[in-house]
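Me: Got a model open here and I'd like to go through it piece by piece. Can you take my questions as they come?
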Amino acid sequence: MENKPALLSARNIRRAFTSAGARLEVLRGVDLSLRHGESLALTGESGSGKSTLVHILAGLELPDAGEVEIEGTPLNRLSEAGRARLRRETIGIVFQQFNLIPSLDAGANIAFQARLAGRHDPDHVTRLAGRLGLAGHLHKYPEELSGGQQQRVAIGRALAARPALILADEPTGNLDEATADEVLALMLELVAEAGAALLMVTHSVRLAARLDRQLQLSRGRIFA
Ligand SMILES: Nc1ncnc2c1ncn2[C@@H]1O[C@H](COP(=O)(O)OP(=O)(O)OP(=O)(O)O)[C@@H](O)[C@H]1O
């Protein structure tokens, strides 16, 4: 039988911050893994370290100790440029604050990541925009879009390069409940169609229940 490495695996991740002279151990030995195509919800109280963990899993930050591997490649053995390349090719990130580029219209925002990865496919962008209900909005700039529309653009951008992994940090945290449900349903549908894996941070137990697996971050560790 083929022994394919996990898409994402994190072992014994530790991260502490020192601020105002006090040391705060945020992650105190976190282990998790995610297989191709699987969806995982990460819940936890405010300040429990969820965003810190997502940044480490994405290779945006290195942990103080422990190891993250993406498809068997240890991130801490790559240079910053190497991590950026792997992120471009393998990971799509959706942030709570949308993080769209204000000077680019919706279509160019969706295509942005795929262009960087050398995988821009205009037909795919058009298809994604249609599925996201953005077909009539592609020439609008982020400030001309509602919060729900901006987050749909961000989801399109994350999916356009066909990444194996989507990391979403409170992707619906800035939306009202009805819009959050609608955007999440759409994101789950498109992620499943793409065959991508999803790790989503959320405060909402209700939204977390819609994913394959749920884990909780508490006191620096992971609980099932
Ligand atoms: N760069 C930093 N310097 C100092 N402290 C930090 C830094 N980044 C995060 N922290 C602290 O680490 C803890 C965890 O923060 P983090 O943002 O990861 O939590 P979170 O679970 O995502 O919270 P929320 O649900 O409110 O977004 C917090 O106490 C935060 O103040």
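Me: Which element gives the largest share of the shell around the ligand?
Reply: Helix α1, with 3 residues. Keep in mind that this is a predicted model.

Me: Which residues are around the ligand, then?
Reply: Phe17, Ser19, Leu24, Val26, Gly44, Ser46, Gly47, Ser48, Gly49, Lys50, Ser51 and Thr52. The elements that give two or more residues to that shell are β1, β2 and α1.

Me: How does the shell split by class?
Reply: There are 8 polar residues, 3 nonpolar and 1 charged.

Me: Where does α1 lie relative to the strands?
Reply: Helix α1 covers residues 50-57 and lies across β1, β2 and β4. Its direction is at about 125° to β1.

Me: Ok, the sheet. What order do the strands come in?
Reply: The order is β2-β1-β4-β5, giving an open sheet of 4 strands with antiparallel pairing. The edge strands are β2 (22-34) and β5, each of which pairs on one side only.

Me: What holds strands of a sheet together in general?
Reply: They pair through backbone hydrogen bonds, in either the parallel or the antiparallel sense.

Me: How many bridges join β1 to β2?
Reply: 10 bridges, with the two strands antiparallel. Serine 9 is opposite serine 33 of β2 in that pairing.

Me: How many bridges does β1 have to β4?
Reply: 5 bridges join β1 (residues 8-19) to β4 (residues 65-70), and these strands also run antiparallel. Within β4, glutamate 69 is the bridge partner of serine 9, and glutamate 67 is the bridge partner of arginine 11.

Me: What does glutamate 69 stand opposite in β5?
Reply: Proline 74. Strand β5 covers residues 73-74 and pairs with β4 over 2 bridges, in the antiparallel sense.

Me: What sits in the turn between β4 and β5?
Reply: Those two strands form a hairpin with 2 residues between them, and glutamate 71 in the turn has a positive phi of about 45°.

Me: Switching to helices. At what angle do α4 and α5 cross?
Reply: Roughly 145°, and their axes come within 10 Å. Helix α4 is residues 122-131 and helix α5 is residues 147-160.

Me: Left-handed or right-handed?
Reply: The crossing of α4 and α5 is right-handed.

Me: Which residues make the contact?
Reply: From α4, His124, Val125, Leu128 and Ala129; from α5, Gly156, Leu159 and Ala160. By class, that contact has 5 nonpolar residues, 2 polar and no charged.

Me: Last topic. What does UniProt place at residues 8-224?
Reply: The UniProt record, an unreviewed entry, lists "domain: ABC transporter" there.

Me: How far apart are the end C-alpha atoms of residues 8-224?
Reply: They lie 17 Å apart. The span is 35% helix and 28% strand.

Key. Residues are numbered from 1 along each chain as its sequence is written. This is a predicted model: local features need pLDDT of at least 70, side-chain atom pairs count only at pLDDT 80 or more; totals for chains, interfaces and linings use all residues. Two strands pair if DSSP finds at least two bridges between them. Two residues are in contact if their C-beta atoms, placed from the backbone, lie within 7 Å. Axes are lines fitted to C-alpha atoms, for helices over the stretch in contact, and angles run from 0 to 180 degrees between N-to-C directions. A residue is near a molecule or strand if its C-beta atom, placed from the backbone, lies within 6 Å of it. Ala, Val, Leu, Ile, Met, Phe, Trp, Tyr, Cys and Pro count as nonpolar, Asp, Glu, Lys and Arg as charged, and the others, Gly among them, as polar. UniProt positions are given in the numbering used here, feature names are shortened, and annotations may be inferred rather than shown by experiment. A crossing is left-handed if the near helix is turned anticlockwise from the far one by less than a right angle, and right-handed if clockwise.
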